[in-house]
Amino acid sequence: MFEKAGKIKDKARAGIAEDKAALKAKLMAPREELFSDEFIFRGPAIGPLNRADYLQILGTFGIYTAFPDIKPNAFGFTVDPEDPSRVWFLVRNSGTNTGPLGLGLGLSWPASGNAVEGAPETFSIKFDADGRVKLLTVGYVADRFEGNTGGSGAALGLMKVAGLVPLGF
């Protein structure tokens with residue numbers, strides 16, 4: 001029994017190490033091949049989205065153009081004890097809105113120059129057997145009174161800081 005528990009703990013540690021590296025490589029510069037064919041994205045205000053829809057929305061909003069220095073500042077990685085292929089963690093986004101935010105149909109919102117101090121958000125990533133992202137959940141705010149996003153997480157919080165969405169929304 002103790003030997004099995006030790007092996008599970010070692011696997012969990014390996015999963016956390018893989019997840020920390022994957023966070024930046026797979027999510028901060030997303031490419032289609034990094035996501036499973038069964039990929040699903042979920043957030044509190046959007047989803048479920050499949051891989052094609054998720055990548056299209058990322059391209060439309062251009063979050064990484066609008067906030068080119070965005071950092072997730074992820075911490076608190078833990079392997080789900082019920083599902084060893086899923087890792088939970090928190091992020092506190094930081095960055096500055098120095099580029100336009102895409103609105104679709106060729107429209108954009110100009111850069112505000114505002115810096116984001118994100119509220120702590122709960123994220124999770126689930127990997128498939130090939131190490132590709134199968135599930136991504138983001139934006140579940142742990143403390144809406146922290147940061148300057150008006151209590152919102154993910155893209156909605158960034159849009160508030162950019163001035164596109166009112167803070168009270």
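The model is predicted, so local features need pLDDT of at least 70 and side-chain atom pairs count only at pLDDT 80 or more, while totals for chains, interfaces and linings use all residues. Residues are numbered from 1 along each chain as its sequence is written, and side-chain values use heavy atoms, leaving out hydrogens and water.

**Overall fold**
- The protein has four helices and 10 strands, taken as DSSP runs (helices H or I, at least four residues; strands E, at least two) and numbered from the N terminus.
- From the N terminus on, the order of elements is α-β-β-α-α-β-β-β-β-β-β-β-β-α.
- Of the 169 residues, 40% are buried, meaning under 20% relative accessible area with a 1.4 Å probe, protein chains only.

**Nonpolar cores**
- The largest nonpolar core holds 19 residues, of which Phe35, Phe39, Phe41, Tyr54, Phe89, Val133 and Leu136 touch the most other members; such a core is a set of buried Ala, Val, Leu, Ile, Met, Phe, Trp, Tyr and Cys residues joined through side-chain atoms within 4.5 Å.
- Elements giving two or more residues to this core include helix H2 (51-61), strand S1 (35-42) and strand S10 (133-141).
- A second, separate core has 11 residues, among them Ile63, Phe67, Leu158 and Met159.

**Around Thr137**
- Thr137 lies in strand S10 and is buried, at 6% relative accessible area.
- Its side chain makes a polar contact of 2.6 Å with that of Ser124 (N or O atoms within 3.5 Å, one able to donate a hydrogen and the other to accept it; residues adjacent in sequence count only if both atoms are side-chain atoms).
- Leaving aside residues up to four places away in sequence, Thr137 touches Arg42, Arg86, Trp88, Thr122, Phe123 and Ser124, with contact meaning heavy atoms within 4.5 Å.

Conventions
Buried < 20%, exposed > 50% of the residue type's maximum accessible area, 1.4 Å probe, protein only.
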